[in-house]
Amino acid sequence: MTILNNNKKIMNPELKIKLFLVDDDAVYLKMLEIEFLEHGDFYIETYATGELCLANLSHKPDVIILDYHLDGIDKDAINGIETLDKIKAFNPDISVVMLSSQDKIDVAIDCMHHLATDYVVKSETAFVRLKKIITTIFQLKKLEKTLNWYMERM
Amino acid sequence: MNKELHYARSLIEASLDPLVTINPKGKITDMNEAMANITGLSREKLTGTNFLDYFTEPQKAREVYQEVFAKGSVADSPLTLRHKDGKLTNVLFNGSVYKDDKGDVQGVVVVARDIAEQKWATELRIANKELAFQNDEKEKRANELFFANKELSFQNSEKEKRADELIIANKELAFQNSEKEKRANELIVANKELSFQNSEKEKRADELIIANDELAFQNSEKEKRANELIIANKELSFQNSEKEKRADELIIANEELAFQNSEKEKRANELIIANKELAFQNTEKGKRAAELVIADIELDFQNEEKEKRETANKELEEISNSLKSALQYSLSLIEASLDPLITINTEGKIMDMNEALVNITGMTREELTGSDFFDYFTEIQMAREVYQEVFAKGSVADSPLTLRHKGGKLTDVLFNGSVYKDDAGNVMGVVIVARDVTAQKLLSNYSLSLIEASRDPLFTISTEGKITDLNEATVRVTGESRENIIGNDFIDFFTEPEKAREVYQLVFEKGFVVDYPLTIIDGKLTDVLCNGSVYKDDRGNVLGVVLVARDITEQKRIATELTEAIVIAEMATSIAEDAKSKAESATLIAENAVKAKQQFLSNMSHEIRTPMNAIIGFTKVLLKTDLSVKQREYLQAIKLSGDALIVLINDILDLAKVDAGKMIFEQVPFKMALSISAMLHLFETKIREKNLGLVKEYDENIPEVLVGDPVRLHQVILNLVSNAVKFTNKGKITVSVRLISEDEEKATIGFAVKDTGIGIAEIKLGKIFENFQQASSGTSRLYGGTGLGLAIVKQLVEPQGGTISVKSTVNEGSTFSFELSFLKTKSDAELDTGIIELDADIKNIKVLVVEDIPLNQLLMKTLLDDFGFVCDLASNGRIAIDKLLTKPYDIILMDLQMPEMNGFEATDYIRNNIHSNIPIIALTADVTTVDLAKCKTVGMNDYIAKPVDERILYSKIVGLVKKTYTGESIKEDEILLVNKIKCTDMEYLIRRTKSNPILMMEMISLYLKQTPPLISAMKQGFEEKDWASLYTAVHKMIPSFSIMGISIDFENMAKKVQEFASTQQQTEGISDLVQQLEIVCVQACTELEDEFQRIKNTPV
């Protein structure tokens, strides 16, 4: 049944990919939103804080683009890694791509250790990378589903 | 009577519930066998010991037992009895006091119901059966007793009455006796007279005297006994009144007493009659002496009889009393029972019941008594059958029925009944115990459904290894019917019988087995894990084994599949990763390809333009020499072809630029009117050649100076006008410029180019703004052109927030119109980057041309000579600088790509080392943004694309030189400054938002909102040495730099500050950097505010 529904979802163009964009940098957040709205078939919700993102997980996002440095403006705000952990605790199937202006290997590794799908540095190419990653995520998910489908019949 | 007592006793003994009587000191005075079993102690040991010692919680037991004394009874107090071996039995403690016939509390009767059995429904059933049987018996007795009691009470009152009558009779008797005595004396006188009168009668008279003496003696004796009888009767009356007070103390034996009482009464009556007779006889005695003797003898005998009966009466009283206490004991047992007890007569009417039935039916005892027994069951017919079965078989056990409460509540009961008989063995009725099994049934149903619901096969196996019971899952797994399985050897169902045997032997040994792997033979060979444990009866005897065989086939299959799935998933993941890396490299390649294409176009432009430059330039030069008519004609053809080719190349490049998002719009002040007329001037020759009219309509209300990109505006109008000229063969071309709206900040201007040409069919109108589209495929053959012109126009108008539209009628003409908004400015734009009219009379301008290619040098020199300017040449930057230092020039034309020192380096040197403000115009074939931006950065004033249009070259040179000449260099500097320092660039934003003004405004307003707090946070963080705050503030600034087109230099500065903030090393210059960041951000905010206003005021 599950696989049938999923197939339906894939085949039905009406169902857009639901994307959460989470960044306390309003300018960058808006920029991302514009890019995603123009370059893909996405349903987008944007949140300025990790708290807001977590509060709205019930909207069932497929992918969350999450800023690493969420406690930049408000020092008491929940940071990106904590948000990531909570998202994963809520539903480990939600793919989370971390976004940071720091091009640091330890930040990237930290994100991976916390089960982020990928890590992207904020730059001119960030959007292209994000789009690519989202495509890959869905390809992977589709592969997994196909695999499961065959596994069920083996 | 003893029989009854004994019967009650055996009932009590047969009870499985421990029954104990305790005296007020808490010592056990009596108990039944169940109590002995549960404690494991013999009766002898139990009797006289402290009752509380057998509970796990003596204190609680004491409280319960005190409660019995206090309240008279207690029900269902949970306690735990301890077996001497330590086994614990949970019991519900029910007790009530029992009293002697004087009402004194003799002790407590306790029933400790073993509730452990509730856990074992089956065992409970056995116990129930026994208890039910006992209850039957008890009920039977109770009913008999009840009857007897009623009769006894009636008889007692009768007896009393009769006793009273007896007293009266006795008195009369005494009176008669005294009369008799008198008469005896008279008789003696009479006898004396008789003996005197009748000598023959002497012998008999003597005997009569003796007899009379004796009679006298007997009479006095009789009197004494009558007195004793009075006393006895008084006692009896007293005891009877006691009996009345305790109506329930009755016994069947009273029947006999009643009978004897009636006998006594009869005798008393007889006595009275006898006495009467005696009196009669005494009166007759004189006449019939012989009869008197006989009568006396008889009287004597009767008196003896009476005496005997008095004794018997007393004995009866005693027995009655002891029976009453025994009855009381039984009755309290019966009433203490929680199970409904009913006696029914042979007609099916209820004769008696206990409190439990009253509770369960909700009727009163009075209502119940005499009513039809079956009425209280949901299934009357079934109840009747059961009841008939009792009569037929003498008893019935555990018939399930349902009792109905008058309130409608149903109670499931197990119906146990047996007949009871009178002494003669006649069936009197039925005693029924209806045990409430609602809870039990629920429990049992629940357990059963649990067992049946289990998907794991469950077996019970006897000690011999035979299967005794199983659930549905077993049937499913083995594929055999229940009937076929039950009774078979357990081990036969497994592939390895020895192992299976081992399993259940292990269970018997250890009492349990856990996860023992076996395989069931069921066609599929199901792998199972066996779990089992023994089950026991309530005495702890092992009855068999319960085994659960968990099917692990699925588990095994899942485990295997999981392993496979993991392997495949890993493979898939690696494939996906490969794909990802391939895709990434593909992206990289694609990006590189785009870059390469751009580079290629750039190179193309350079490589094609350079020779074209020479061809066209020298054709022009050649045309100025003396030529024959033919030669001139050919040269004209070469020039026209060259011009067309250059236009085509420029169009392609423009479009490529637009597509690559590299089209940049400047914001510089310019004079609209001048700009338009200069541009139209270029077409005058052509229009005249075609004999067309050119009409210019210019709205005088348009502000003189506006801010915008005049170059692009020219390009748009140029394209439209050249199209109009191209497609119009007769008539006129009208160019109109009107002010549409104006406010304090901006002016919106509408431009229209109208022709009287061939027109465009309506169906083609929608397509003409697309790349490479012309109204008809034949158009290009007739009129030439690439079809790019209008596409470029559209691409130039729309990114500036303008709109373009077309109206056309075939063969009548077309009107192209567009609207653009321009900001107003107060600065008087003297610098006209547009085209200055050729007739400006400035001569003898000294020009330094820096150009490495000799062909180009020659061309440039020819052109400049034509203009009448003085020209000097330098083949690279170094030579140019040397020349500049030795000779004064008015302007430099600087090629960018040169050996030794290129144009950028040279300009940089001129500006920074020589500190000369001499105007420099870049000559470039490379028209990509990077170079243009670079030109401005190093300090060049303007640029000209090669091949050089002589008119543009002239106007630019004149414009720049004139400004320097007329001493307005200060203003120029200001404007230059504005241009140079403008730190933001909307190019990225325009590209990203596709020039959508709403999105751009949103972005800008977000930046304006976010940035000032970041600036102050950065400053504060730096001043207070709060490095963390400094870090985060700067960190947040970085992404917006590139979005707002702020130079990468600032971004690097910010990164430096950020690094400093995190490491707190290399503090040198950080203060400067922070300051610079602040300045650039503040400036960016100002610029963006202007930009915001500009966009806002631009009509969509």
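## Reading contacts in a predicted two-chain model

Q: Is B:Asp100 buried or exposed, and which cut-off decides?
A: Relative accessible area decides, and buried means under 20%. B:Asp100 has 19% relative accessibility, so B:Asp100 counts as buried.

Q: How many salt bridges does a search of the whole structure find?
A: Begin with the general idea. Side chains of opposite charge can pair when their charged atoms come close. Over all chains, the search finds 39 salt bridges. One of them links B:Lys1036 with A:Asp67, at 2.9 Å from N to O.

Q: Where do B:Lys1036 and A:Asp67 lie?
A: B:Lys1036 is in helix H32 (residues 1027-1043) of chain B, and A:Asp67 is in strand S3 (residues 63-67) of chain A, so this pair joins two chains. Now check burial. B:Lys1036 counts as buried at 1% relative accessibility. A:Asp67 is also buried, with a relative accessible area of 1%.

Q: How many residues apart are B:Arg309 and B:Glu305 in helix H8?
A: Look at the sequence spacing inside the helix. B:Arg309 and B:Glu305 are four residues apart in H8 (residues 289-336) of chain B, which puts about one helical turn between them. Their side chains meet in a salt bridge of 2.5 Å, N to O. A further case is B:Lys182 with B:Glu179, at 3.7 Å from N to O. Both lie in helix H5 (residues 121-197) of chain B, three residues apart, again about one turn.

Q: How many aromatic pairs does the structure hold?
A: The structure holds 10 aromatic pairs over all chains. Among them, B:Phe670 and B:Phe822 are edge-to-face, with 5.8 Å centre to centre and 75° between the planes. This pair links distant parts of the chain: B:Phe670 sits in strand S16 (residues 668-671) and B:Phe822 in strand S22 (residues 813-824) of chain B, 152 residues apart. Both residues are buried.

Q: Why is the pair of B:Phe751 and B:Phe818 stacked?
A: The ring centres are 4.7 Å apart and the planes lie at 15°, so the pair is stacked. B:Phe751 is in strand S20 (residues 746-754) and B:Phe818 in strand S22 of chain B, so the pair ties together parts 67 residues apart in sequence. Both are buried. B:Phe670, B:Phe751, B:Phe818 and B:Phe822 form one aromatic cluster.

Q: What lies over the face of A:Phe138?
A: Look for a charged side chain above the ring. A:Lys141 lies over that face, at 5.4 Å from the ring centre. In chain B, B:Lys956 lies over the face of B:Tyr943, at 5.6 Å from the ring centre.

Q: What order do the five strands of the open sheet in chain A have?
A: The order is S2-S1-S3-S4-S5, with parallel pairing. S2 (42-47) and S5 (118-121) of chain A each have a single partner strand, so one side of each is left without a neighbour in the sheet. Neighbouring strands are turned by 20° against each other on average, direction ignored. Six bridges join S1 (residues 17-22) to S2 in chain A. A:Leu21 has A:Thr46 as its bridge partner in S2 of chain A.

Key:
Residues are numbered from 1 along each chain as its sequence is written. Chains are lettered from A and ligands numbered from 1 in the order in which they are written. This is a predicted model: local features need pLDDT of at least 70, side-chain atom pairs count only at pLDDT 80 or more; totals for chains, interfaces and linings use all residues. Side-chain values use heavy atoms; hydrogens and water are left out. Rings of Phe, Tyr and Trp (its six-membered ring) pair if their centres lie within 6.5 Å; planes under 30 degrees apart count as stacked, over 60 as edge-to-face and the rest as tilted. Buried means under 20% relative accessible area, exposed over 50%, partly exposed in between (1.4 Å probe, protein chains only). A charge sits over a ring if NZ of Lys or CZ of Arg is within 6 Å of the ring centre and within 35 degrees of the ring normal. Two strands pair if DSSP finds at least two bridges between them. Axes are lines fitted to C-alpha atoms, for helices over the stretch in contact, and angles run from 0 to 180 degrees between N-to-C directions. A salt bridge is a side-chain nitrogen of Lys or Arg within 4 Å of a carboxyl oxygen of Asp or Glu.
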